[in-house]
Amino acid sequence: MSGHTALVPEQNNNNSNQENKTSNMRVSEKKCSWASYMTNSPTLIVMIGLPARGKTYMSKKLTRYLNWIGVPTKVFNLGVYRREAVQSYKSYDFFRHDNKEAMKIRKQCALVALEDVKAYVTEDGGQIAVFDATNTTRERRDLILNFAKENAYKVFFVESVCDDPEVIAANILEVKVSSPDYPERNRECVMDDFLKRIECYKVTYQPLDPDNYDQDLSFIKVINVGQRFLVNRVRDYIQSKIVYYLMNIHVQPRTIYLCRHGESDFNLVGKIGGDSGLSPHGKQFAQALKKFIAEQEIVDLKVWTSQLKRTIQTAEFLGVPYEQWKILNELDAGVCEEMTYEEIETQYPDEFALRDQEKYLYRYPGGESYQDLVQRLEAVIMELERQGSVLVIAHQAVMRCLLAYFLDKSADELPYLKCPLHTIFKLTPVAYGCKVETITLNVEAVNTHRDKPSGNTNNLPKSQTPVRMRRNSFTPLASSDTIKRTRNYSVGSRPLNPVGSPLFPETLNGADQQKLQVSVQVLQMGSACLESANNITCESLVSVSATK
């Protein structure tokens, strides 16, 4: 058994000025998905709270989630702007409310950051900006609201309230000790200075007031790291997604294990999809996986599989309870199921070329795209965020989508992430990122990975542009033998009969025409009844219809 460990951070507060003030290339490359079309105007998410309350943690996780579902999002951390304006931090005195020079610098930093928000939305195609700062005064929040109003942005506030001293102390030691504000300082000095910094903010802190001053604002209060929530005036789809996500995340220690099923019979012959069982090497991996999990001594480990045979057979070897999730099934290859790539290239050359050109957006005829799969797996991500330690036994495309979420990979990178058979990915969430360890169980398996092809578009069908998405698996067409039926209209709203319409009397036989005339007359009488407000009852209308 061999392993490799790496720390994959999310956007780092230590980024240079150039990195923070220019467009986020990863976001600009992100493919917009179904969720992005639900935003009819840009949204500014404004964080609120005293220092060491988890604002940056929530900002980064929320940004990672929104980018993963296809909504271009970027964090604007005011601490980065402040460090650039003030090259060296000396002490908590900078944050005193009566330090006029420092207050002027802090306000100017906020204005510069807001201008960068505007540039991100107008020039870089951003849809959501996260303004990560304390924003503890009404004056500062009113400044942001006025900016949003001038630019026609929606605003959603996220306030983190925490009065648990143990949580605050743990946050300071885990994150703030390594902050650029405290180079080469011991923990005791950092803790003392940072606690005094918090006291400076407390003097002027004005929490959101849901009953009076802030009753018309859209916001969520996260109290004591998710013990309780207060939600006020959620106004659109994206805001509801934000609330749902924030109500599902937690900070308890846990480990997530991701692996593919053992090698299958179809893997051996290069076929994609299908529902084949494990090969002899696949069964050997399942036994090795059982030994590995036992050695980890994980308390209350949950095991999830898809509803396909190869993942279920892998889990059966573990000898523990497991849950089957249909939404963990492999990407549906439609008409190409149970075919090799060579067969697809021969039988469907156009489709083969199109998928190589735009793998994330490409949808198999009668099947799915990676974009569809991300949408399908959103419920799995939410449940993973809610749970403790989980082992997910899945498939190559599914595992790529899950890894892309945890490792913050773009839509262009996602379809080409390497997820070899008989390898376990051990994911441990840390403060601003995810610690990744890859463990190979040294059981032989075939290589199912296909590298990203070169950018040559010569093989594309002439009728297609280089970037193309199939919006429907099959184009819905009315069959030639479809029975045409009369459309029912509400009283008084019957349209004029167009020539060639089934409502046009000349196209109907005698019996159908008589029935149609009766129905029309009943509708007309009902309309006249409503318009003249006479006393014709429902019984009299039925009687008229029966006599005809």
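Reply: A pocket here is an open set of grid points with protein on both sides within 12 Å along at least five of seven lines, and its lining residues are those with an atom within 4 Å of a point. The model is predicted, and what follows is computed from it.

The second largest pocket is lined by 27 residues. Nearest its centre lie Lys-271, Ile-272, Glu-330, Tyr-341 and Gln-396. Two elements give two or more residues to this lining: α10, residues 265–269, and α16, residues 396–407. Of the elements, α16 gives the most, with 3 residues. The space in the second largest pocket comes to about 450 Å³. Sorted by class, its lining holds 10 polar, 9 nonpolar and 8 charged residues.

Tyr-341, one of the residues nearest the pocket centre, leads on to the rings. The charged end of Arg-450 sits over the ring of Tyr-341, at 4.5 Å from the ring centre. A second case of this kind involves Arg-138, which lies over the face of Tyr-213, 4.2 Å from the centre of that ring.

Rings also pair with other rings. Such a pair is described by the distance of the centres and the angle of the planes. Rings count as paired if their centres lie within 6.5 Å, and the model has 13 aromatic pairs by this rule.

One of them joins Tyr-65 and Tyr-245, with 4.4 Å from centre to centre and 5° between the planes. Planes under 30 degrees apart count as stacked, so this pair is stacked. Tyr-65 lies in helix α3, residues 55–68, and Tyr-245 lies in helix α9, residues 237–246, so the pair ties together parts that are 180 residues apart in sequence. The cut-off for buried is under 20% relative accessible area. Tyr-65 has 0% and is therefore buried, and Tyr-245, at 0% relative accessibility, is buried too.

Another pair is made by Tyr-89 and Phe-95, whose ring centres are 6.0 Å apart. Their planes stand at 45°, so the pair is tilted. Here Tyr-89 is buried, with a relative accessible area of 13%, and Phe-95 is buried with 5%. Both residues belong to a cluster linked by ring pairs, which also takes in Phe-94, Tyr-182, Phe-194 and Tyr-201.

Definitions and conventions. Residues numbered from 1 in each chain as written. Predicted model: local features only at pLDDT ≥ 70, side-chain atom pairs only at ≥ 80, totals over all residues. Heavy atoms only, no water. 1 Å grid on protein atoms, 1.4 Å probe; cavity = no way out; pocket = protein on both sides within 12 Å on 5 of 7 lines; lining within 4 Å. Points joined across faces, edges and corners; volume = space filled by probe spheres on them. Helix = DSSP H or I, 4+ residues; strand = E, 2+ residues; numbered from the N terminus. Nonpolar A, V, L, I, M, F, W, Y, C, P; charged D, E, K, R; others polar. Phe/Tyr/Trp six-rings, centres within 6.5 Å; stacked < 30°, edge-to-face > 60°. Buried < 20%, exposed > 50% of the residue type's maximum accessible area, 1.4 Å probe, protein only. Lys NZ or Arg CZ within 6 Å of the ring centre and 35° of its normal.
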